[in-house]
Amino acid sequence: MHFYAADAHCDYLFGAMEYGWTIDTQKRNQTITLENLKNGGVAIQFLAAWADTTLKVPPLEQVLIMIDRYHTMLETHPEFVPLTKDFDPRSGKIATVLAVEGAECLGASPSILRDLYRLGVREMMFTWNSDNELAGAAQGKRRRGLSEAGREILKEMNRLGMAFDVSHLSDDGIEDALVYSTQPIFASHSNSRKLMNAPRCLRDEHIKAIAKKGGVVGVNFYGPQLCESGHATVADIVRHISHIASIAGVEHVAIGSDFDGMQRYPKDLKNPSDLPALFDALLSEGFTPAEVERIAYRNLHDYIVQFV
């Protein structure tokens, strides 16, 4: 049975900037390619601009370079289009959503936020693994909530119509976002802490609250956030999807692979072309075809299309 896929997170753009990756050819450690996306039935792909703060190049410059790589890909490969409200996966196109992972590039400036929006950014998470002036990170030292500057940037994101992503955010930050955001928030690539006790995984009460506010949770494929051994399989991904669906509703769970953002992948899901194996496993777990269609594509589509 064929299912279209919508993937809420990948790090291809960093590889395009730092390692010279192109979407046509698969270099070492690269998983996101046009061929792999097509073979996996991917119809919507989020592409994150993540800045490495250890590099000499300032974060804003890195993000702008990655955004340039994104637009160059659109200009040279007509198979890719920006997501629009009337997008039809049967068109054969791959709709894209441009995101920013880690807001160090902003310097808490609403002006830069607006410029990024003008360049096509439609989703942003405030932190990666370290605290910054906007918020505490899940793996940060203080794990504080949103700062006053962070609340102001969130308010401007709401006004612009830019999706707020709580992946990598501290627990206190998630709770603040649930209070202060006037629009539904989501987690692009976060798993269940009930099943895997890691800071980057979400508490049940946060999963439920995100769902109640109209958001979705994308399950990622990173082994240390799926199982104790760190050597994950499709079965581990299915476990997290099943748990989130059971407590939040099947209409609030999606996939957020984190492809190109890790060094080791589940042995039976190594790149987007393997996604059909995940959907077959969900069917075997007892999900109906209509439910798998929601998890694979529809839930994420329906969430993000309000921001494009």
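In the protein chain, 69% of the contacts with a separation of 6 or more are between residues 24 or more positions apart. The model is predicted. Its protein chain has 10 helices and 8 strands, and 59% of its 308 residues count as buried.

**Overall dimensions**
- The radius of gyration of the protein chain is 18 Å, which agrees with the value near 19 Å that a compact globule of 308 residues would have.
- Taken along the principal axes, the box filled by the C-alpha atoms of the protein chain is roughly 45 × 45 × 40 Å.

**Nonpolar cores**
- The largest nonpolar core holds 84 residues, and those touching the most other members are Tyr12, Met124, Phe126, Ile241, Leu278 and Phe279.
- Helix 8, which covers residues 234–248, gives the most to this core, with 7 residues.

**Contacts of Tyr12**
- Tyr12 is among the residues of the largest core that touch the most other members.
- With its neighbours within four places in sequence left aside, Tyr12 is in contact with Trp21, Thr22, Ile23, Gln30, Ile32, Leu47, Met73, Phe259 and Asp260.

Methods
Residues are numbered from 1 along each chain as its sequence is written. This is a predicted model: local features need pLDDT of at least 70, side-chain atom pairs count only at pLDDT 80 or more; totals for chains, interfaces and linings use all residues. Side-chain values use heavy atoms; hydrogens and water are left out. Helices (H or I, at least four residues) and strands (E, at least two) are DSSP runs, numbered from the N terminus. The radius of gyration is taken over C-alpha atoms; the globule rule is 2.2 Å times the number of residues to the power 0.38. Buried means under 20% relative accessible area, exposed over 50%, partly exposed in between (1.4 Å probe, protein chains only). Contact means heavy atoms within 4.5 Å. A nonpolar core is a set of buried Ala, Val, Leu, Ile, Met, Phe, Trp, Tyr and Cys residues joined through side-chain atoms within 4.5 Å.
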